[in-house]
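Here are my notes on the model you sent over.

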Amino acid sequence: MDMRANIAFPLWLAVAAIVLAVDACSDNDESGASADSNSAADAHGADFVNEANAAEGSFEVNTDSDSYTDINIESGDAFYPDEDAEETADAYCGEPTGIENVLTNISPFGNRATISWETTRPAICHLLWEETPVDYIPQVIYETGAATNHAMTLGETKRILPGRNYDLYIACSETCPGWPLQIFSDIVRFETSELHLLVALSPKYSDNSEVDDALAVYSAAVAIEGWTADIEKLNETTNDHTYIKELLAERKHSSNTLAAILVGEDLPLDVTSLPTYYGYYGGGLWTKFIIPSINSFSDADGTGDTSHDNIGIAVSLIVPSPYTYGGSEHLVAETFLKFASERDRRDTAVDVFHDSTVSDEGLHPPDYPELNMLGDLTVDGTPTPVELDALEDGPLKLLAALGHGSPYVVQMNSYNIFYSTDLRDIDVPFAMVSGCHTFCWTGLERDGILETVPINNDHFGGQVLGSGPLRAIVTGIPNQSCEDEFCGGELPPYWTAPLDEWPNFISYSVPKLAEGKSLAEAIYGGNFFTQNVVVYGDITFRYNDR
C-alpha cells in the first residue's frame with residue numbers, strides 16, 4: 001500500500017483549503033461583499049499571521065466538500081474526516097501518534113534552519129511554514145518514508161533570511177484502516193540570527209560624501225538579502241592592524257559579523273614584496289610585487305594565527321590606485337553603486353581556460369565536477385586569441401583562468417595568455433584566476449623606499465573597480481589543495497588535519513555557490529591549504545538563480 005497516497009487527502013485538505021480561503025477573501029474584496037464576509041476572511045488569515053492567535057496554535061480548514069466544512073483543528077490534536085473514522089482509528093491504532101522533542105538548529109548565516117523531532121510511531125511528516133507576516137498560504141515541505149526520527153531543512157528550496165521570525169506546524173500521517181490519520185504539532189516558532197557585514201573605510205575614504213552616498217545605496221540593497229551593513233570609518237589612530245583585527249573579532253561575537261569588505265590602498269594590510277619580472281620602471285623607479293595577506297583578519301578566534309584555523313570571517317579587499325584618473329574616491333563610490341545593482345542576474349555559461357600541459361588532475365581535472373554544478377561548463381586547455389575575443393559576446397556566469405600567473409596575466413601555455421584587463425570587456429559578474437602572484441599588485445621603489453600602493457588598477461583585483469560587470473574575483477591558487485603534488489604529501493607540523501580535510505576553494509566553496517549561498521558563506525569555515533586565496537570585490541555576491 002502506498003502510504004503517500006493515503007496521506008494525500010489530509011495534506012490536500014489542509015493546503016487547498018487555505019488556498020480557497022485566500023481566494024474567497026480576494027473574491028469578496030473584488031465583488032464588494034458584506035463586511036461580515038470580509039471580516040471572516042481576515043480572521044482566517046490572522047490565524048497564520050497574527051502572533052497572538054498563532055500562540056494559541058489554532059487554524060481553520062475550509063473545503064468545498066459537502067462532508068467536510070469549517071473543521072477547526074487545535075494544534076496537537078488529530079484530524080479525522082468523520083466520527084466513524086475516529087472510532088476505527090481508535091480501535092486499530094489506539095492513541096494517536098505523538099510529536100515530541102522538537103528542536104531547531106539555525107545556520108550561522110541565518111538562511112538555513114533544520115527542524116528535528118520524534119514521533120511515537122513511524123509516520124510520514126511534512127512542514128507547514130511561513131514567514132511572519134506573509135501571505136496566508138504556507139510553504140509545504142514533504143518528507144518521504146515513514147520514520148520515528150525526523151529532520152527537515154528550511155531554506156534549501158526557498159530562501160529564508162537572517163533576522164526574521166518564522167512560525168511552522170509539523171503535520172504527520174500514519175495509515176489506519178479506512179482513513180489516514182493526520183497529527184498536527186503545537187506551533188513551532190524560531191528566529192533566525194541577524195547577519196552583519198562590516199565595511200571598513202581607510203582614512204582617505206572616511207570623509208567623502210560621494211562614498212557615503214554610494215554606501216547608503218549599497219546598504220539598502222544588501223539589506224533585502226538579510227545583511228546589515230555596518231560602516232566603520234577609520235581615522236589616523238584607528239587605521240591600525242591590531243585595531244582592525246580586534247574590531248573584527250569583537251564584532252563577530254557581539255553582532256554575528258561574518259563578512260567584511262576592507263576599502264583603501266592605505267589600509268594597514270600585512271604585505272611583503274618580491275622583485276618583479278621586469279624590474280626597472282623608469283626615472284630611477286623599480287617595480288616590486290606587493291603581496292597582501294588577509295589571514296590575520298579572517299581567522300576564527302581573533303588571535304591572528306591562521307596556520308590551522310578555519311576561516312571565521314570572510315574578508316574581501318577593494319584596493320584602488322591613488323594615481324587613478326578622476327580620483328580613487330570617485331572610483332570607489334562608483335564600485336559600490338555597481339555592487340548595489342544587477343543583483344538578480346541569471347546567467348548559465350561557465351568557461352574554464354587552463355594549462356593543458358599540466359597533467360595533475362588535482363589541479364586540472366578533466367571535467368571540473370564542482371564548476372559543472374554552476375551551469376553549462378566549457379573547458380578549453382588551449383584557448384586561442386579568437387576564442388578569448390569571443391568571450392566579449394557573453395554573458396557568462398563564471399570565467400576561470402588557471403595556469404601560471406602574475407598580477408596581470410594567466411598564462412595557459414607558451415602561446416595563450418589571459419590578461420587581467422580582458423575582464424573589462426567580458427560580461428561576467430564573478431571570475432576566478434589561479435597562478436602565482438595573481439593576488440598581488442605592483443608597487444614602486446625609489447632609493448630603497450617602497451610604496452606598497454598599486455601603481456595602477458590593471459592588476460586582477462583592480463578589475464572589480466568601476467562600473468564594469470565584474471563584482472567579485474577570487475585570486476591566488478584557488479585550485480591548489482594539499483592532495484596535489486605541491487604539498488608533497490606531507491603537512492607542516494602545526495597542521496594536524498588529514499589531507500582530505502584541506503580542500504581547495506573550488507572543491508569547498510563552489511558547491512556552496514551553486515546552492516545559491518553568498519561568496520561569504522561559501523568561504524566561511526574553509527580550511528584552504530594555500531593562504532594565498534584573496535577575494536576582491538563584493539563579498540556578499542551570490543548567484544540569485546536558486
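Is Cys172 buried or exposed? Cys172 is buried, with a relative accessible area of 1%; here buried means under 20% relative accessible area, exposed means over 50%, and partly exposed is what falls in between (1.4 Å probe, protein chains only).

Before the rest, a word on the ground rules. This is a predicted model, so local features need pLDDT of at least 70 and side-chain atom pairs count only at pLDDT 80 or more, while totals for chains, interfaces and linings use all residues. Residues are numbered from 1 along each chain as its sequence is written, and side-chain values use heavy atoms, with hydrogens and water left out.

1. The disulfide. The structure holds one disulfide, counted as a pair of cysteine sulfur atoms within 2.5 Å. Cys125 is joined to Cys172, with an S to S distance of 2.0 Å. The pair ties together distant parts of the chain, 47 residues apart: Cys125 sits in strand 5 (residues 113-131) and Cys172 in strand 8 (residues 165-176). Strands (E, at least two residues) and helices (H or I, at least four) are DSSP runs, numbered from the N terminus. The link of Cys125 and Cys172 is right-handed, with 105° about the S-S bond. Cys125 counts as buried too, at 1% relative accessibility.

2. Positive phi at His437. His437 is not a glycine, yet has a positive phi of about 70°. You'll find His437 in the loop between strand 23 (430-434) and strand 24 (441-446). His437 is buried, with a relative accessible area of 17%.

3. Positive phi at Asn101. Asn101 has a positive phi as well, of about 55°, although it is not a glycine. This residue lies in strand 4 (residues 99-106). Asn101 is partly exposed, at a relative accessible area of 49%.

4. Asn239 and its neighbours. Asn239 is placed in the loop between strand 12 (227-233) and helix 7 (241-255), and is buried with a relative accessible area of 16%. Leaving out residues up to four places away in sequence, Asn239 touches Ser202, Pro203, Leu234, Ile244, Asp266, Leu267 and Pro268; contact means heavy atoms within 4.5 Å. With Asp266, a polar atom of the Asn239 side chain lies 3.0 Å from the backbone oxygen.

5. Strand 21 (residues 409-411) is joined to strand 22 by three bridges, and the two run antiparallel. In that pairing, Val409 stands opposite Tyr419 of strand 22. As background, strands of a sheet pair through backbone hydrogen bonds, either parallel or antiparallel.

Note on methods. Two strands pair if DSSP finds at least two bridges between them. A polar contact is a pair of N or O atoms within 3.5 Å; within protein, one must be able to donate a hydrogen and the other to accept it, and residues adjacent in sequence count only if both atoms are side-chain atoms.
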